[in-house]
Amino acid sequence: MARSDPGGWETSVRTLDTERPDVPAYSTFAAELRERVRGDVQFDEYTQVLYATDGSIYQARPAGVVLPRTVGDVQATVELASEYEVPILPRGTGSSLAGQAVGPGCVVIDFTKYMDDLLSVDPDAKRATVQPGIVQDHLDSALAEHGLKFAPDPASSNRATVGGGIGNNSTGAHSVRYGITDAYTEQLRVVLSNGELIHTREVVLDSPEYEEIVAGESKEAEIYRTVRRLVEENRSEIDEKYPSLKRSVSGYNLQKVIYENDEGEEVINLSKLFVGAEGTLGVIVEATVSLVTKPEETALALYCFETLLDALEAVPEALEFPVSAVELMDDEVFRLASESEGYAEYAEPIPDGAAAALMLEWDDELVAGDGDQRAAFEAAIGETNAHFVEDGDAFDVLEAYSDEAQEDLWKLRKAAIPLLMSLEGDPKPYPFIEDATVPPGELAEYVGKFEDVLTDHDTSAAYFAHAGSGTLHIRPILNLKDGEDIEKLHSITDDVTDLVLEHHGAFSGEHGDGRARTEFNPEMYGEDLWTAFKELKTAFDPEWLLHPGNVVYRSGPDDPGPDNDRGVGADNRENLRYGAGYQSIEPTTDLDFDDEGGFSQLVELCNGCGTCRQTDSDVMCPTYRASKEEIQTTRGRANMLRAAISGDLPYEEIHSERFQTEVLDLCVGCKGCKSDCPTGVDLAKLKAEVKHEHHREHGSSLRAKLFGNIDRFAALGSKLAPLSNVAPKLPGARLLMEKTVGIARDRALPTFRRQSLEEWFEARGGSHVPAPQADAKVVLFPDTFTNYSYLEPGKAAVEVLEAANVRVEIPGDLAPSGRAAFSLGFLDSAEEHAQRNVDVLAPRVDDGWSVVFVEPSDAVMFQDEYLDLLDGEAVEKVSAAAYGVMEYLDGLAVEESISFEANERLSYHGHCNQKATNKDHHAVGVLRRAGYAVDPLDSTCCGMAGSFGYEAEHYDISKAIGELLFEQVEASEADTVTAPGASCRSQLGDRDGEKKPPHPIEKLAEAVESTP
Ligand SMILES: Cc1cc2nc3c(=O)[nH]c(=O)nc-3n(C[C@H](O)[C@H](O)[C@H](O)COP(=O)(O)OP(=O)(O)OC[C@H]3O[C@@H](n4cnc5c(N)ncnc54)[C@H](O)[C@@H]3O)c2cc1C
Ligand code: SF4
Ligand code: SF4
């Protein structure tokens, strides 16, 4: 038997050494696995909860998880699982929408942590070999230097893996041009159900190579023989039953496994059969995929129609033009987008009266430019304009040639799912027949009848998606906590299956069978092929241990398969994430969760889409980026909280040491998820609320109290400076601090200044701009760090504001913002501070003053969290008058009143709290207008996150997150990095041989030349 162990160890940060006791039912299996597997073996209850869901409506606890490092690990896992009769579920990111990444009682083999490498690229042959856990976008980034890409482009490609794409036979918006994953999967290495490793590739039928394979008694030989026999015996059924579509991903790929190759030889390639098998035939450990050249330029045109029917009828005509994508959106998508803060700008250009729009894309390979690509695109679009607008039913067209304009249209198109899924309340547009596909020419008639199905079930849906290939993402709105709606889930699937088959389509053209559709495969394929599927499955996996009940199932003991009830029956109402018995506790909260519909609704907004596992842009989720652990994603935390409020774990578990340290304390509270999660799961807010309850019921540590009251200690430190700065430098002092209070000994501590910012301001005689002459009035908020430790940004703010003829005051009666207390869950104290500040500032705001902050986290505290802590007009007023200093200066258009002289290149690391509240762009704008060349880094949180980076047990992960930022800073061509956050500057200042970088306001002050 072949066995491989290529090594390839990768490091990632370990989280914490907390107890992870195995679930007793699996402890012997887990112990034996640990002896044989080099990767991670996790069979504890938390792991079961974390891997119980994917992006679908389903939920079922697995037995445990193995994160293999080597092919040998996978083989050992499969062998042992077979010995212990534990089912097996290979998994990538778990972003599947039909439930095929959920497996009750399975051992999950998660490839994303260690087996995610690009092994080789052959640019000439346009081929790459990868491990299954590689994220599709990461593969594409590596291929970019060769001008190549992996063609299938699911919308989830920023976190979805190639292994998962092969498992599902994924595809995306460009399937019109490129087809689907099976066309690009050339060779695989697969671990079979008995642990045997095989290499699948094109083998010419009856060639010596073929004869050698089938001559033996191995499992591989048996599989080849069975597959060939089943295909030959069922030829006519295969021709009849598999729909003639660009995309059809239900059932097994029997129609593609034997074919004529480019040389005209009849070949068998088992790789094609593993594509779309959803982990039910074997575990893929390596894949060789073919690649395509990447077009350099594209253009888009959006055709607007007065009715959905007109748009659908135009689809087959659109396909007659040389287009690379034909996408559809309806007016429900436009309406939701225009009502949403985040997407309104993208919906703005859509003309009134557009009931639906078709978006067509061209690329420079399909429309060659001969030196003037823009002209070529314009000519191509001119032709479609003549067809659809002048001579057709479209009443308007929006053309997009620049990258930005095209991105905006794609953003609108891709907004549909997040917008729909963030609907408040229990009824949600759920995926279960959301990728049914019919020939594009039948779309119009099919949609008409689909609407009748929805009406019969008293529900509605929005229409969008890949119209060019006949796929429409229709998600009926149901309440899956309600028994009646659960029945509708089943009967709608049933009716739509009939409808799709009547129109020669497939009920899955993109997302696979999973738990939602497997039940309906017999209807689609008929008895003969259905029996062939069961025989095929049994040949690959005699005991039906590989992901049983998926793609294929047994009707009863007489069916082909093992003599047990594994894989018997399928019902798309089973193993639901919610279900009729679902109930959740709605805790009494201190924070206001009205906007989110309540604490539990906010938790339940997580639909498992896995966007929080993307690592290439935005902020969410820094801890996952450093650790690659599911528990450290926003999804992981939301799933753990949902388990606790819904009784899957006892509610008291929330207050256990383990839950606090592993689930909550490792969330740095950056707020990245508030804006980056498509449905807005705001974990920082949830964490603050739960921490608050925890302190109330179980008390808090000395360190938490210290950091929660850091303002008082900083004030004392300033009074006692310089003595207070010497004490930590005494021999043994840092070790003692680590041992007693838990402050990391290697983290540089802030030093205190004897003269605070408030004292400096008073000493200089207050404002230098007399009130009567001032153009504006500003209270400069003396945040703890700027006031006592690093005054320069505060002084710079005064300088620039005064240069702009703004009167500045720093009143002595303000409380700290409450940010530190809030982050650590001391909500009473945060509320007290908030109330005091609102009381002091409301009259000033009435009098025309604005409140300006140097420290972004304090600005956002006023702008955002104060509204959760307090009610009433006063807080709303003060919150609306609060600005980060760069935001304020941007609004003031300072470049009109101040002359700047600057010619340095800066890189800019924004603060995650400001990114989450869409306030981060101002600094870059102001610095650029002052003359700086600015390279804004697409960086996540710096890893310090207030007190997090000082905490001994979090020091390693804080540094690991910081490293991600350091790499970006080093990659930038800028001379100096600048960052508004005090914590970020501390982290950046802790780099070897580097100084603490400046705040952008300091760079702005440096550039002030004169006031005209
Ligand atoms: C918002 C959103 C948008 C989406 N858009 C698209 C889209 O445009 N097109 C599309 O096709 N899909 C789409 N999907 C579905 C899904 O993201 C894709 O199918 C994706 O390719 C799955 O990748 P994954 O790594 O998450 O796989 P997983 O969900 O982890 O696994 C998918 C299947 O593959 C199997 N599998 C995983 N690894 C292996 C392996 N090593 N060996 C054998 N089997 C394996 C699993 O058992 C499972 O059955 C979308 C999902 C979401 C949430
Ligand atoms: S937290 Fe948000 S991004 Fe992450 S899986 Fe849940 S819904 Fe998706
Ligand atoms: S607040 Fe930040 S660290 Fe916490 S879950 Fe959200 S993105 Fe992750």
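**Group meeting: loops, cores and salt bridges**

OK, let's start at P722, which sits in the loop between α28 (710-720) and α29 (723-726). When I say helix or strand, I mean DSSP runs numbered from the N terminus: H or I with at least four residues for helices, E with at least two for strands. The bond from A721 into P722 is a cis peptide, with omega near 10 degrees.

Before I go on, the ground rules. What you're looking at is a predicted model, where local features need pLDDT of at least 70 and side-chain atom pairs count only at pLDDT 80 or more, while totals for chains, interfaces and linings use all residues. Residues are numbered from 1 along each chain as its sequence is written, chains are lettered from A and ligands numbered from 1 in the order in which they are written, and side-chain values use heavy atoms, with hydrogens and water left out.

How confident is the predictor? pLDDT is its confidence in each residue, on a scale from 0 to 100, and the chain averages 94, with 98% of the residues scoring at least 70. The stretch to watch is residues 1-12, where pLDDT stays under 50. The model has 33 contacts beyond four places in sequence for that stretch, a contact being heavy atoms within 4.5 Å. Where pLDDT is low, the predicted coordinates should not be read in detail.

Back to the backbone. There's another cis peptide bond, between M620 and C621, with omega about -10 degrees. C621 is in the loop between α21 (599-604) and α22 (622-627), and D618 is in the loop between α21 and α22 too. D618 has a positive phi of about 65 degrees without being a glycine. At 37% relative accessibility, D618 is partly exposed; for that scale, buried is under 20% relative accessible area, exposed is over 50%, and partly exposed is in between, using a 1.4 Å probe and protein chains only. D206 also has a positive phi, near 65 degrees, and is likewise not a glycine. You'll find D206 in the loop between β10 (203-204) and α7 (208-215), partly exposed at 46%. For context, most residues other than glycine have a negative phi, and most peptide bonds are trans.

Now the ligands, and here M620 and C621 come back. Both are among the residues surrounding ligand 3, along with others including T634, R637, C667, C670, K671 and C673. Near, for these shells, means that a heavy atom of the residue lies within 4 Å of the molecule. The shell of ligand 3 splits into 8 nonpolar, 2 polar and 2 charged residues. Ligand 2 has 13 residues around it, and C606, C609, G610, C612 and C677 come nearest. Its shell divides into 6 nonpolar, 6 polar and 1 charged.

Next, salt bridges: a side-chain nitrogen of Lys or Arg within 4 Å of a carboxyl oxygen of Asp or Glu. By that rule we get 69 of them. One is E286 with R189, at 3.5 Å between the closest N and O atoms. E286 is in strand β13 (residues 283-290) and R189 in strand β8 (residues 185-191), so this pair ties together parts that are 97 residues apart in sequence. E286 is partly exposed at 22%, as is R189 at 32%.

Then D541 and K537, paired at 2.8 Å. D541 is buried, at 1%, and K537 is buried at 1% as well. Finally E662 and R658, at 2.9 Å, both in helix α24 (residues 657-664) and 4 residues apart, about one turn of the helix. E662 is buried at 1% and R658 at 15%. Elsewhere, shared partners join K671, K674, D682, R819, D864 and E865 into one salt-bridge network.

Last topic: where do the nonpolar side chains gather? A nonpolar core here is a set of buried Ala, Val, Leu, Ile, Met, Phe, Trp, Tyr and Cys residues joined through side-chain atoms within 4.5 Å. The largest has 85 residues, and M640, F659, L686, F822, F862, Y866 and L869 touch the most other members. Helix α35 (residues 827-846) gives the most to this core, 8 residues. Beyond its neighbours within four places in sequence, F822 contacts L591, A688, L827, A830, M861, E865 and L869. Apart from this core lies another of 60 residues, including Y210, V227, L281 and I284. In soluble globular proteins, nonpolar side chains tend to be buried together.

Notes
Nonpolar A, V, L, I, M, F, W, Y, C, P; charged D, E, K, R; others polar. pLDDT = per-residue confidence, 0-100.
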